[in-house]
Amino acid sequence: MLRLITVQQGSWFSSLMIFSAICSLSSLMLKSEGTNHTVGDSSGWDLMTNYTNWTQGREFHVGDVLVFNYNVDQHNVMQVNSTAYADCGRDNYISLFTKGNDSIIMSEVGEHCFICAMYDHCENGQKLSINVAP
Ligand SMILES: [Cu+2]
């Protein structure tokens, strides 16, 4: 009787181990994939889109990718700090993307700010600020 109980407990425990192994494996796979966010959806990165509205209802997590689609003759993507985002400062930027189809991985938690540094586009509202969660 005691032996039977031991066997049952053993199999229950190994089932639990297998279950938790599958859970941790699938959460690892989910984490490594991340979500692609096409900035402005079909409008892309332009002067006509309100990017504050675009961020409403969206969640951004570490590992997610922002995809900026735009005409390289008209726009670019400059990653800046929050001060430069507020006043459209272009002098001390973090990164500059100019390909027209730029995928930027969100590798850190916190605020991420992007402006268009061409002409007066930032001053006219072509800017994006998102908060990236863990
Ligand atoms: Cu622009």
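Q: Among contacts between residues at least 6 apart in sequence, what share joins residues at least 24 apart?
A: In the protein chain, 69% of those contacts do. Two residues are in contact if their C-beta atoms, placed from the backbone, lie within 7 Å.

Q: What kind of model is this, and how are residues numbered?
A: The model is predicted: local features need pLDDT of at least 70, side-chain atom pairs count only at pLDDT 80 or more, and totals for chains, interfaces and linings use all residues. Residues are numbered from 1 along each chain as its sequence is written.

Q: How many helices and strands are there?
A: The protein chain has 3 helices and 8 strands, and along the sequence they follow the pattern α-β-α-β-β-β-α-β-β-β-β. Helices (H or I, at least four residues) and strands (E, at least two) are DSSP runs, numbered from the N terminus.

Q: Which strands make up the sheet of 5 strands?
A: That open sheet has the order 2-8-7-4-5, with mixed pairing. Two strands pair if DSSP finds at least two bridges between them. Strand 2 (60-61) and strand 5 (95-97) are at the edges, each pairing on one side only.

Q: And strand 7 with strand 8, parallel or antiparallel?
A: Strands 7 and 8 run antiparallel and are joined by 6 bridges. Across this sheet, His-112 stands opposite Ile-130 in strand 8.

Q: What about the sheet of 3 strands: what is its order?
A: The order is 1-3-6, in an open sheet with mixed pairing. Strand 1 (36-38) and strand 6 (101-105) each have a single partner strand, so one side of each is left without a neighbour in the sheet. On average, neighbouring strands here are turned by 20° against each other, direction ignored; axes are lines fitted to C-alpha atoms, for helices over the stretch in contact, and angles run from 0 to 180 degrees between N-to-C directions.

Q: How many bridges link strand 3 and strand 6?
A: Strand 3 (residues 65-69) and strand 6 pair over 5 bridges in the antiparallel sense. Val-65 stands opposite Ile-105 in strand 6.

Q: Changing topic, what percentage of residues is buried?
A: Of the 134 residues of the protein chain, 21% count as buried. A residue is buried if 20 or more other C-beta atoms lie within 10 Å of its own, exposed if 12 or fewer, and partly exposed in between, with C-beta atoms placed from the backbone.

Q: Which residues of the largest nonpolar core touch the most other members?
A: Among its 19 residues, those are Trp-45, Phe-68, Val-77, Met-78, Ile-115, Cys-116 and Ala-117. Strand 4 (77-80) is one of the elements that supply at least two residues, and strand 4 gives the most, with 3 residues. A nonpolar core is a set of buried Ala, Val, Leu, Ile, Met, Phe, Trp, Tyr and Cys residues joined through C-beta atoms within 7 Å.

Q: Leaving aside neighbours within four places in sequence, what does Phe-68 contact?
A: Phe-68 is in contact with Val-39, Trp-45, Val-77, Phe-97 and Asp-102.

Q: Where is Asp-41?
A: Asp-41 is in the loop between strand 1 and helix 2. Asp-41 has a positive phi of about 50° although it is not a glycine. Most residues other than glycine have a negative phi. Asp-41 is exposed because 10 other C-beta atoms lie within 10 Å.

Q: And Cys-88, where is that?
A: Cys-88 lies in the loop between helix 3 and strand 5, and has a positive phi of about 60°. Cys-88 counts as partly exposed, with 19 C-beta neighbours inside 10 Å.
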